[in-house]
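Please look through the sequence and the model shown here before reading on.

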Amino acid sequence: MVKIIRVRDYDEMSRKAANIIAAQITLNPQSVLGLATGSSPVGTYKNLVAMYEAGDLDFSEVSSYNLDEYRGISRANDQSYYYFMNDNLFDHVNINKDNTHVPNGENPDADNECTTYDAAVRAIGGVDLQLLGLGRNGHIGFNEPADDFAAATHCVDLTESTIEANKRFFASADDVPRQAYTMGIGTIMSAKKILVVVSGADKAEALYNSVCGPVTPQVPGSILQFHPDVTIVADADALSKFPQE
Ligand code: GLP
């Protein structure tokens, strides 16, 4: 079931999403979080850091598994998702870094990396709360529009649209890695709860198609309609294709 929480803007979205994650950690201090990168969750992480600094949140027993990572990128590169997570969250809270996991883009053996990552997620009992952003083409993680849903963690070729969208973070489009390791749709769907943060008019079509369109691998986010516990926190611009109340 998909529940939508309508908010005014990015800041309100970020506060609401952080509150949901904080509630999860408070209720279960040993929560396994599935975490996302991109600009959508940055504000959520800022709010979580503020709650930690205020003494309201304890990450000491939390574990995390990130959705994805560019393939062939060094962990020291400031555009790697490994770097992003440390920079935006892990360096600023009391999480045990040994319990944080991001697919290793430096491992050239794709099969080995993906199989090991899925096995680790399974071994810990799966993700309790998975945070997701939504790509402009409806992708989740780096599951790009495709002819079928890929279940397990796998290596993907990024689409031109994603390379174009992500080039703002690199010196040029040529510097954007062409491949990534990503949790598969099955891995994402096995999370007990899913929280999606969506902001901005450029996501409106992808959000509408994900929630109201047919479930199709051409819109990877549409698979969320089949999950029993999805909460989408979306701002007015992202919801502009939905009927207004
Ligand atoms: C990226 C990431 C996704 C992210 C999405 C949206 O390519 N792989 O995990 O959710 O695209 O990014 P943004 O939040 O910057 O719009």
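## Strand pairing and its surroundings

Strand 9 and strand 10 pair in the parallel sense, over 5 bridges. Strands pair, in the sense used here, if DSSP finds at least two bridges between them, and the elements themselves are DSSP runs numbered from the N terminus, with helices (H or I) of at least four residues and strands (E) of at least two. This is a predicted model, in which local features need pLDDT of at least 70 and side-chain atom pairs count only at pLDDT 80 or more, while totals for chains, interfaces and linings use all residues. Residues are numbered from 1 along each chain as its sequence is written, and side-chain values use heavy atoms, with hydrogens and water left out.

Within the pairing of these strands, Leu195 has Thr231 of strand 10 as its bridge partner. Strand 10 (residues 230–235) also runs parallel to strand 1, to which 6 bridges join it; here Lys3 stands opposite Thr231, and Val7 stands opposite Asp235. These strands belong to an open sheet of 7 strands with parallel pairing, in the order 1-10-9-6-2-3-5. At its edges are strand 1 (2–7) and strand 5 (100–101), each of which pairs on one side only.

Is strand 10 mostly covered or mostly uncovered? Strand 10 is mostly covered, since 6 of its 6 residues are buried, where buried means under 20% relative accessible area, exposed means over 50%, and partly exposed lies in between (1.4 Å probe, protein chains only). Val230, Ile232 and Ala234 point one way from the strand, whereas Thr231, Val233 and Asp235 point the other way, and all are buried.

A further open sheet has 3 strands in the order 4-8-7, and its pairing is antiparallel. Strand 4 (68–70) and strand 7 stand at the edges with a single partner strand each, so one side of each is left without a neighbour in the sheet. From one strand to the next the twist averages 25°. Strand 4 is joined to strand 8 (residues 179–182) by 3 bridges, the two running antiparallel, and Glu69 stands opposite Tyr181 in strand 8.

## A pair of helices

Helix 2 (residues 42–53) and helix 3 (residues 81–88) have axes that come within 10 Å and cross at roughly 40°; axes are lines fitted to C-alpha atoms, for helices over the stretch in contact, and angles run from 0 to 180 degrees between N-to-C directions. Val42, Tyr45 and Val49 in helix 2 meet Phe84, Met85 and Asn88 in helix 3, contact meaning heavy atoms within 4.5 Å. By class, this contact of helix 2 with helix 3 has 5 nonpolar, 1 polar and no charged residues.

## Buried loop residues

Asn107 lies in the loop between strand 5 and helix 4 (110–123) and is buried, with a relative accessible area of 14%. Leaving aside residues up to four places away in sequence, Asn107 touches Asn112, Glu113 and Tyr181.

Asn137 is in the loop between strand 6 (129–132) and strand 7 (154–157), and is buried at 19% relative accessible area. Beyond four places in sequence, the residues that Asn137 touches include Glu144, Pro145 and Thr159.

Ser199, in the loop between strand 9 (193–198) and helix 7 (204–212), is buried too, with a relative accessible area of 18%. With residues up to four places away again left out, Ser199 touches Tyr10, Met13, Asp235 and Ala238.

The table lists side-chain polar contacts of these residues; a polar contact is a pair of N or O atoms within 3.5 Å, where within protein one must be able to donate a hydrogen and the other to accept it, and residues adjacent in sequence count only if both atoms are side-chain atoms.

| Side chains | Distance |
|---|---|
| Asn107 and Asn112 | 2.8 Å |
| Asn137 and His139 | 3.0 Å |
| Asn137 and Glu144 | 3.0 Å |
| Ser199 and Asp235 | 2.7 Å |

## Cysteines

A search of the whole structure finds 0 disulfides, a disulfide being a pair of cysteine sulfur atoms within 2.5 Å. Cys155 is in no disulfide, and the nearest cysteine sulfur, that of Cys114, is 6.4 Å away. Cys155 is partly exposed, with a relative accessible area of 26%, and Cys212 also counts as partly exposed, at 41% relative accessibility.

Definitions and conventions
Nonpolar A, V, L, I, M, F, W, Y, C, P; charged D, E, K, R; others polar.
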